[in-house]
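Please look over the model below before reading on. The briefing covers the fold, the sheet, the core and the aromatic residues.

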Amino acid sequence: MGLAYVFSPLKQWQDIRGVNAVDGWLEVFLDNTDDHAVTYKDFGGTLNEEKIRIDNCGRAVVIADAEKTYRLEFYDKSGALRFTQYPVWPLSTGGGGVD
């Protein structure tokens with residue numbers, strides 16, 4: 001299994017007002033399932049929680065198996081689902097990811 005960023009680690013997640021979505025979170029699922037994907041904070045294998053918190057800069061690091069396809073859900077700090085994107089391919093596969 002090769003690992004890759006699911007989206008750029010420089011991406012800033014923002015709320016509907018364009019403010020960094022501090023205390024919001026991401027959830028990553030295997031595409032076409034409701035099963036949370038195993039994701040990592042770093043290439044050393046440190047696991048992410050199922051709810052991946054967005055930091056004070058509006059960022060979250062999500063690394064996963066480069067050979068799989070995912071569904072990404074973004075929640076604001078109040079817990080409202082703001083969007084779902086699928087399919088999402090890790091960046092190294094050339095399939096896209098999320099900018």
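Which residues touch the most other members of the largest nonpolar core? They are Phe7, Trp13, Leu26, Val28, Ile54, Val62 and Leu72, in a core of 16 residues. A nonpolar core here is a set of buried Ala, Val, Leu, Ile, Met, Phe, Trp, Tyr and Cys residues joined through side-chain atoms within 4.5 Å. Buried means under 20% relative accessible area, exposed means over 50%, and partly exposed lies in between (1.4 Å probe, protein chains only).

The model is predicted: local features need pLDDT of at least 70, side-chain atom pairs count only at pLDDT 80 or more, and totals for chains, interfaces and linings use all residues. Residues are numbered from 1 along each chain as its sequence is written, and side-chain values use heavy atoms, with hydrogens and water left out.

**Overall fold**

- The protein has zero helices and six strands, and its elements run β-β-β-β-β-β from the N terminus on. Helices (H or I, at least four residues) and strands (E, at least two) are DSSP runs, numbered from the N terminus.
- Along its principal axes the C-alpha trace spans about 35 × 25 × 25 Å.
- Of the 99 residues, 38% count as buried.

- Four strands form an open sheet in the order β3-β2-β5-β6, with antiparallel pairing. The edge strands β3 and β6 each pair on one side only. Two strands pair if DSSP finds at least two bridges between them.
- Strand β2 (residues 25-30) has five of its six residues buried.
- β2 pairs with β3 (residues 52-53) over two bridges, and Trp25 has Arg53 in β3 as its bridge partner.
- β2 pairs with β5 over six bridges, in the antiparallel sense. Along this pairing, Val28 has Leu72 in β5 as its bridge partner, and Phe29 stands opposite Arg71.
- β5 (residues 70-75) and β6 (residues 81-88) pair over five bridges, also in the antiparallel sense. Leu72 has Gln85 in β6 as its bridge partner.
- β5 and β6 form a hairpin with five residues between them, and Gly79 in the turn has a positive phi of about 90 degrees.

- In soluble globular proteins, nonpolar side chains tend to be buried together.
- Among the 16 core residues are Val28 and Leu72. The elements that give two or more residues to this core are β2 and β5, and β5 gives the most, with three.
- Not counting residues up to four places away in sequence, Val28 touches Asp35, His36, Ala37, Thr39, Ile52, Val62, Tyr70, Arg71 and Leu72.

**Aromatic residues**

- The whole structure holds six aromatic pairs. Rings of Phe, Tyr and Trp (its six-membered ring) pair if their centres lie within 6.5 Å; planes under 30 degrees apart count as stacked, over 60 as edge-to-face and the rest as tilted.
- Phe7 and Trp13 form an edge-to-face pair, at 5.2 Å centre to centre with 80 degrees between the planes.
- Phe7 counts as buried because its relative accessibility is 0%, and Trp13 is buried at 2%.
- Ring pairs link Phe7, Trp13, Phe74 and Phe83 into a cluster.
- Lys11 lies over the face of Trp13, at 4.5 Å from the ring centre. A charge sits over a ring if NZ of Lys or CZ of Arg is within 6 Å of the ring centre and within 35 degrees of the ring normal.
- Arg71 lies over the face of Phe29, at 4.3 Å from the ring centre.

**Pro87**

- Pro87 is found in strand β6 and is partly exposed, with a relative accessible area of 33%.
- Pro87 touches Asp31, Thr69 and Tyr70, not counting residues up to four places away in sequence.
- Pro87 and Asp55 are 32 residues apart in sequence and 24 Å apart in space, C-alpha to C-alpha.

Methods:
Contact means heavy atoms within 4.5 Å.
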